[in-house]
Amino acid sequence: MEYIQLTLDDYLKSKTEIRENLGGIVKSFVRIGWQLTRIDRSKAYEMDGYKNIAEFAKAEYDMNPTGVSRFMSVYETYSLDGDTPELKEQYKDFNFSQLTEMLQLEEKDRGIFRPETKREDIREFKAFARENENNPEELLNWKDAKTPEEKLKATILEFFREKEGLLNIIFSSEAYRSGDIRELAELVNPSGGTSYRKGTVFLMLYGPEDQIMVKIFGEEPWKITWEEFFSVMQAIFGEAAAGSRTYENFFGTEDKEDKEDKQEDPAATGAQAPDKEGGPEEEKPDQEAGVREGQIPGQDNIMNHPEYMPGIAPAQKTEEQKYNEEQSRIDRETKMKLEEMEDEEIMEHLPSDEGPKTHQIRMPSKYYDDVEAGIMSFWFTKGDFRVGETLNMMEFSEGRHTGRVIKAEITYILDDYTGLEEGFAIMAIRILDTM
């Protein structure tokens, strides 16, 4: 860690800037992290008699150690080199919550995500990476596919298998008949940002004007266009295309358990449509064969092959469909605004201008004695808590309050540990009184 020298005047200015930025605009998080890092590296907090940066931030701004660590880590990870509160260009439009979620990712994998990506999708990727790290056999077993193209193909097949109605909507749509890639992308991904993972493959699907990010565990991420995506889809399902019955024609109509037992592994056979034992009847719709086996994704797409389109009447959009499409666009914009507002709310409430709150907690009777005796010096729950606040831990037995209450102070909060669900925290507590 680079050492920084701060004069007393510099130190006082840094302290003032932190206070001014706390509760300010969302982008102030990088300046807060910058000033905390400068104070930490210079050990300027010793001028006020503090032992470390966490003690300094707690006393000066009522910030908990976890929050201090996040501000500093975000600044150190995403800022330009040197003593400057400037984010790198590729991260300027991300919010604090997204950058915090990506801290544990490698730099190459952070490139998968965009400013419009939801935090849930970043967390989904982290779960994908964690599961594959803990299951090395999956690297060899996922669909027995050897090349990235084969793995991608197997993943797209599973994507449409799990979205049963979507395949029929696509193959019976005007967009499919005309080869309108933008409209097809809207059908597949109306929210404008969706993740999907299967085995060792993770897909991050963006809007029609953007691309799709593909990550195979252990390899560099790469991009494919929507044209390439639909070219692979056509290669898989083209020969079974039957308009609004394409799903049934390809996968069969048995119950899901029967299909899993009967259907041959599509990736092992190049993702060809199953024979009639696997579900579809022997007769196919009157059409030419789809994109041929062995073609490389990206060299062919639906727009270039109108002869591959099923000979069905185009499905005209109803007013309801038009409304739903417009609503999807509005929903995308609303989600982004809500996430921005959420970050503003976080920033505005970091320092507590009010007195410490008291929370009412229902505690099962079996824990009361251990907590009272100090044997159990922690509590696990969901909610908005801060260090220094108090808990009234009310004992409940068989759904009724027994009358006994433990008053405790929160001394530490652990809310970002791997495995903890969002909103949950483990709190260290100190007994103040019993009633």
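This section describes the fold, sheets, cores and selected residues of a predicted model.

The protein chain contains 17 helices and nine strands. Of its 435 residues, 45% are buried. The chain exposes about 22,900 Å², of which carbon and sulfur atoms supply 47%. Among contacts with a separation of 6 or more, 63% are made by residues 24 or more positions apart.

Four of the strands form an open, antiparallel sheet in the order β1-β2-β3-β4. Because β1 (193-198) and β4 (222-224) each have a single partner strand, one side of each is left without a neighbour in the sheet. Neighbouring strands are turned by 20° against each other on average, direction ignored. Six bridges join β1 to β2, and Tyr196 stands opposite Leu203 in β2. These two strands form a hairpin with two residues between them, and Gly199 in the turn has a positive phi of about 60°. Strand β2 is in turn joined to β3 by five bridges, with Phe202 opposite Lys215 in β3; the hairpin between β2 and β3 passes through five residues. Strand β3 (residues 212-216) is connected to β4 by three bridges in an antiparallel arrangement, and Met213 has Lys223 of β4 as its bridge partner.

Strand β2 is largely enclosed by the rest of the structure, because six of its six residues are buried. Val201, Leu203 and Leu205 point one way from the strand, whereas Phe202, Met204 and Tyr206 point the other way.

Helix α9 lies across β1, β2, β3 and β4, running at about 110° to β1. Helix α9 (residues 148-162) has 15 residues and reaches 21 Å from its first C-alpha to its last, close to the 21 Å expected at 1.5 Å a residue. The buried residues of α9 include Leu152, Ile156, Leu157, Phe159 and Phe160, and also Lys151, Lys153 and Glu158. Helix α13 (residues 226-237) lies across β2, β3 and β4 and runs at about 75° to β4.

Five strands form an open sheet of mixed pairing, in the order β5-β7-β8-β9-β6. The edge strands are β5 (358-364) and β6 (378-382), each of which pairs on one side only. In this sheet, neighbouring strands are turned by 45° against each other on average, direction ignored. Strands β7 (residues 390-397) and β8 (residues 400-414) run antiparallel and are joined by seven bridges; Thr390 stands opposite Glu409 in β8.

Helix α17 (residues 365-373) lies across β5, β6, β7, β8 and β9 (424-434), at about 115° to β5. Tyr368 is placed in this helix and counts as buried because its relative accessibility is 1%, under the 20% cut-off. Leaving aside neighbours within four places in sequence, Tyr368 is in contact with Met363, Glu395, Arg404, Val405, Ile406, Thr434 and Met435.

In soluble globular proteins, nonpolar side chains tend to be buried together. The largest nonpolar core of the model has 40 residues, and those with the most contacts inside it are Leu36, Ile39, Phe56, Met102 and Phe113. The elements that give two or more residues to this core are α1 (8-21), α2 (29-42), α3 (53-61), α4 (65-78), α5 (96-101), α7 (119-133) and β2 (201-206). A second, separate core of 35 residues includes Tyr196, Val232, Met233 and Tyr247. Within the largest core, Met102 is among the residues with the most contacts. Its contacts, apart from neighbours within four places in sequence, are with Tyr78, Tyr91, Phe94, Arg110, Phe113 and Ile122.

Helix α2 also holds Gly33, which counts as buried because its relative accessibility is 0%. Beyond neighbours within four places in sequence, Gly33 is in contact with Phe71, Met72 and Tyr75. The C-alpha atoms of Gly33 and Val74 are separated by 7.0 Å, although the two residues lie 41 residues apart along the chain.

Notes:
Residues numbered from 1 in each chain as written. Predicted model: local features only at pLDDT ≥ 70, side-chain atom pairs only at ≥ 80, totals over all residues. Heavy atoms only, no water. Expected span 1.5 Å × (residues − 1). Buried < 20%, exposed > 50% of the residue type's maximum accessible area, 1.4 Å probe, protein only. Core = buried A, V, L, I, M, F, W, Y, C linked by side-chain atoms within 4.5 Å. Contact = heavy atoms within 4.5 Å. Pairing = 2+ DSSP bridges. Axes fitted to C-alpha atoms, helices over the stretch in contact; angles between N-to-C directions. Areas by Shrake-Rupley, 256 points an atom, 1.4 Å probe, with all protein chains shown as cover.
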